[in-house]
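Thanks for coming, everyone. Please look at the screen, and I will walk you through one protein chain.

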Amino acid sequence: EPSIKLGSLSINLPRLALESSKDETYFRARLVLLMKPAIAAMVTRKKDVSDLIRRGVNPILAEKTQFMQKNNTSIVLNLIGLKEAVYKILGHKDDKEGREILYKVLETAVDIGHKKGQEMDVDVSVAMVDSAELTRFVTLDSEKYGKNSIMDILDGDLYSQGLELKAVELDKLTSKSETISEYNKISKTLDGGLLVKLPFDPKAKDADIKKAIEKASSLISSFKPIKNLK
């Protein structure tokens, strides 16, 4: 059946990690404590929106009232900056042991989302997808912890969104490669979606782009080709 997404809420994981005294267990506990009122707030918003629609305040959406009653309406919690939180702030290495910590964080989030969703009779999904909050999160954290402190944990100018594949390395990868196994495991864990970016150099040739897209599609279920042009 069709489903409706009534917006999403992004969670700033680097901020949580900074507030957790670099303790991974405390970090996951704080994530749980943050998710519960966040889900409750989104459920309240969902009920308010549905109520406004039923009362005909928005005539366009009011036409869909029957549709909303008969089908699934879900809410999405979007995790921002997972790798910065685990590898840069909590201090784990990007190795097998560090990735186990990363998986544990995702599993905790999904588990709490499901339990709280069942408790409140709503479908809650956890995702790592596009967000408009990246610049705001970095600005707020820079103001609180100092710009230099935040720049030290960034690979670029913003926190990470989802994962990234490098087109130049695709030839060496197979379905059993460690990188691909990690991406597929994270994608399987997250029930709300995973953004995998496939960036290309602005000067990349059409034939190379086509080849990279074909190879990526044989390795992972979904990805987003990106080519920045002037």
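Which residues does Asp 171 touch, not counting residues up to four places away in sequence? Keep that question in mind for a moment.

Some ground rules come before the answer. This is a predicted model, where local features need pLDDT of at least 70, side-chain atom pairs count only at pLDDT 80 or more, and totals for chains, interfaces and linings use all residues. Residues are numbered from 1 along each chain as its sequence is written, and side-chain values use heavy atoms, with hydrogens and water left out.

Now the answer. Asp 171 touches Lys 211 and Lys 215. Touching here is contact, meaning heavy atoms within 4.5 Å. Asp 171 sits in the loop between β4 (163–164) and α9. Those element names come from DSSP runs, numbered from the N terminus: helices are H or I with at least four residues, strands are E with at least two. Is Asp 171 buried or exposed? Asp 171 counts as exposed, because its relative accessibility is 55%. The cut-offs are these: buried is under 20% relative accessible area, exposed is over 50%, and partly exposed is in between, with a 1.4 Å probe and protein chains only.

Let's step back to the whole chain. The secondary structure comes to 10 helices and six strands. Along the principal axes, the C-alpha atoms fill a box of roughly 55 × 45 × 35 Å. The chain has 230 residues, and 42% of them are buried. Take the contacts with a separation of 6 or more: residues 24 or more positions apart account for 75% of them. The accessible surface is about 13,300 Å², and carbon and sulfur atoms hold 51% of that. That area comes from the Shrake-Rupley method with a 1.4 Å probe.

Next, helix α10. This helix covers residues 206–219, which is 14 residues. From first C-alpha to last, α10 reaches 20 Å, close to the 20 Å expected at 1.5 Å a residue. The expected span is 1.5 Å times one less than the number of residues. Which residues of α10 are buried? They are Ile 209, Ala 212, Ala 216 and Leu 219. Seen down the axis of α10, these buried residues fall within an arc of 90°, so they line one face of the helix. The arc is that of the directions from the helix axis to the C-beta atoms. Turned away from the buried side of α10 are the exposed residues Asp 206, Ala 207, Lys 210 and Ser 218. And the cover over the buried residues of α10 includes α9 (178–189), β5 (196–200) and β6 (224–227).

Staying with α9, look at Asn 184, which lies in that helix. Asn 184 is partly exposed, at 30% relative accessibility. Setting aside residues up to four places away in sequence, Asn 184 touches Leu 219 and Ile 220. Leu 219 is one of the buried residues of α10.

On to helix α7, residues 134–145. It has 12 residues and reaches 16 Å, close to the 16 Å expected. Leu 134, Phe 137, Val 138, Asp 141 and Ser 142 are buried in α7. Down the axis of α7, its buried residues fall within an arc of 130°, so they too line one face. Thr 135 and Glu 143 are exposed on the other side of α7. What comes after α7? Gly 146 follows, with a positive phi near 100°.

Finally, positive phi in residues other than glycine. Ser 21 has a phi near 55°. Ser 21 lies in the loop between α1 (13–18) and α2 (24–54), and is exposed, with a relative accessible area of 62%. Asp 121 has a phi near 60°. Its loop runs between α6 (96–120) and β3 (123–127). Asp 121 is exposed as well, with a relative accessible area of 69%.

That's my tour. Questions, please.
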